[in-house]
Amino acid sequence: MTAIPVTSVRTPGRLPRPRGLLWAVLRLHRAALVVWGLALLAAASFLFRLAALADEAERGDSACAEPATDGLPSCTAVDAITADETYSTGIAFVTACTAWLIVPVAAWAGGALIGRELENGTAHLAWTQSVTPARWLAAKLAVPAALLTLGTTGLVLLNVWARGADNPNLVGDWYHPDVFVGTGPTAVAHALAGLALGALAGMLLGRALPAAGAALGAALLLYNALDRYREFLWPTVTRDTTGWEAPRSAFQVAADGSELAFHPRSHFWPIQYVESGILLTVAALAVLAAFRILRRRTA
């Protein structure tokens, strides 16, 4: 009898799961990741809806007549009195949320990202499992920093796109605090500064609630300080106002008799770059301090 060789059939096993410190960080903070993703999705959907209202809002914000004559819409028409309000209110809400992103990011970083793990011993457990403290902190900061950078950049770009013709009557003047921060790279820099300040507070205090409170206070202080001194971040233009009236687009700083110091709209980008540089410097110093504190904790 001839023996028939038996070929073993391998059943497909489970797909290998991602491993490593970065994956561990994502799993540990998956709730925050889900909230961040849902918030971005909701904001994007809302901005697409607002962008569709832009033209109608522009018409509603233009001149009207009662009764409608010479091509002007009726002042009592529903679309002439509600579309612009819906649009401007929605744009203002999203812009404010983007501008103030530093606050929840700082509180979360101080309380949940760092403070809670030091308080409940999760960090020390990771350090005993072939993960160096420095590598642990680097991963803790790198993952949210990347997600914040990508998400906030996308949100700012969508916000700028949804603003349409950038009519200040509908979307606010460029120098208004929320508008300035929420429509440029400063928004991303604020978010990263909040992350770094939160990490520093977490390393300093080592407890979730105190770290979250301290990070929240530091973020508010930084935001308001930059808002207060933003006018000094770039040289102003001085002009004799005799027979000349400053346009609405001018960010007026000071007036001395017939001379007016102001920032024209063209100063938007220089001020953005300077403020972003300050914020990133603050973030770098906070991260450096956090690593030094970590070294002392584990020495």
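**Helix crossing and a buried phenylalanine**

Reader: Is the crossing in which α6 passes α11 left-handed or right-handed?

Author: This is a predicted model, where local features need pLDDT of at least 70, side-chain atom pairs count only at pLDDT 80 or more, and totals for chains, interfaces and linings use all residues. Residues are numbered from 1 along each chain as its sequence is written, and side-chain values use heavy atoms, without hydrogens and water. Helices are DSSP runs (H or I, at least four residues), numbered from the N terminus. With the near helix turned clockwise from the far one by less than a right angle, α6 passes α11 in a crossing that is right-handed.

Reader: At what angle do the axes of α6 and α11 cross?

Author: Axes are lines fitted to C-alpha atoms over the stretch in contact, and angles run from 0 to 180 degrees between N-to-C directions. Helix α6 covers residues 133-162 and α11 residues 268-298. Their axes come within 10 Å and cross at roughly 150 degrees.

Reader: Which residues in α11 meet α6?

Author: Contact means heavy atoms within 4.5 Å. From α6 come P133, A134, L137, A138 and L141. They meet V287, A290, F291, L294 and T298.

Reader: Is F180 buried or exposed?

Author: F180 sits in helix α8, residues 177-182. Beyond neighbours within four places in sequence, its contacts include W174, R230 and E275. Buried means under 20% relative accessible area (1.4 Å probe, protein chains only). F180 has 1% relative accessibility, so it counts as buried.

Reader: What separates the C-alpha atoms of F180 and W269?

Author: Along the chain, F180 and W269 are 89 residues apart. Their C-alpha atoms are separated by 9.9 Å.

Methods
Helices (H or I, at least four residues) and strands (E, at least two) are DSSP runs, numbered from the N terminus. Buried means under 20% relative accessible area, exposed over 50%, partly exposed in between (1.4 Å probe, protein chains only).
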